[in-house]
Amino acid sequence: QVQLVESGGGLVQAGGSLILSCAVSGRTFSSYYMGWFRQAPGKEREFVTAFRWSGGYEYYADSVKGRFTISRDYAKNTVYLQMTSLKPEDTAVYYCAAARWVTIRNGVPVRIADFDSWGQGTQVTVSS
């Protein structure tokens, strides 16, 4: 099992930027896929972005492409989500997650159930 702890959420104005962090620990995760998901009030949890920790694969939801960037710091075992040009519709609880494999369809992971380790979530609120 992989342990994940998110941080960095907060309140930001539309058009602003925010960086979320996800500290990763636990069993060997070099072959894992690491992802970010979000869940707005009254809505289902949705995929935001993901990559394979060892590199070579990176995926983004269309709604965040060009505005959000996922990255990693190998030395710190940390995954980052850099969010720019934020919109009120980006308001949600953001979750970091890990998967040993992912099911890809139309260029994005489609099975949330593939991700079996989750952080506690961090709130991001974008005001208009």
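Predicted model: local features only at pLDDT ≥ 70, side-chain atom pairs only at ≥ 80, totals over all residues.
View 1. Residues are numbered from 1 along each chain as its sequence is written, and side-chain values use heavy atoms, with hydrogens and water left out. Ser-85 lies in the loop between strand E8 (78-83) and strand E9 (92-99). Helices (H or I, at least four residues) and strands (E, at least two) are DSSP runs, numbered from the N terminus. Ser-85 is not a glycine, yet its phi is positive, about 45°. Most residues other than glycine have a negative phi.

**View 2. Asn-106 also has a positive phi without being a glycine.** Its value is about 55°. Asn-106 is found in the loop between strand E10 (104-105) and strand E11 (108-109). Its relative accessibility is 78%, so Asn-106 counts as exposed.

**View 3. Four strands form an open sheet.** The order is E1-E3-E8-E7, and the pairing is antiparallel. Strand E1 (2-7) and strand E7 (68-73) stand at the edges with a single partner strand each, so one side of each lacks a neighbour in the sheet. From one strand to the next, the twist averages 20°. Two strands pair if DSSP finds at least two bridges between them. E1 and strand E3 (residues 18-26) are joined by 6 bridges. Leu-4 has Val-24 in E3 as its bridge partner. E7 and E8 are also joined by 6 bridges. Here Phe-68 stands opposite Met-83 in E8. The hairpin of E7 and E8 has 4 residues between the strands, and Asn-77 takes a positive phi near 50° there.

**View 4. A disulfide joins Cys-22 to Cys-96.** The sulfur atoms are 2.1 Å apart. A disulfide is counted when two cysteine sulfur atoms lie within 2.5 Å, and the count is 1. Cys-22 lies in strand E3 and Cys-96 in strand E9, so the bond ties together parts 74 residues apart in sequence. The torsion about the S-S bond is about -80°, so the disulfide is left-handed. Both Cys-22 and Cys-96 are buried.

**View 5. The largest nonpolar core holds 38 residues.** Such a core is a set of buried Ala, Val, Leu, Ile, Met, Phe, Trp, Tyr and Cys residues joined through side-chain atoms within 4.5 Å. Met-34, Trp-36, Val-79, Met-83 and Tyr-94 touch the most other members. E9 gives the largest share, 6 residues.

**View 6. Arg-38 forms salt bridges with Glu-46 and Asp-90.** A salt bridge needs a side-chain nitrogen of Lys or Arg within 4 Å of a carboxyl oxygen of Asp or Glu. The closest N and O atoms are 2.6 Å apart for Glu-46 and Arg-38, and 2.9 Å apart for Asp-90 and Arg-38. Asp-90 lies in the loop between E8 and E9 and Arg-38 in strand E4 (residues 33-39), so this pair ties together parts 52 residues apart in sequence. Arg-38 is buried, with a relative accessible area of 6%. Glu-46 is partly exposed, at 34%.

Key:
Buried < 20%, exposed > 50% of the residue type's maximum accessible area, 1.4 Å probe, protein only. Axes fitted to C-alpha atoms, helices over the stretch in contact; angles between N-to-C directions.
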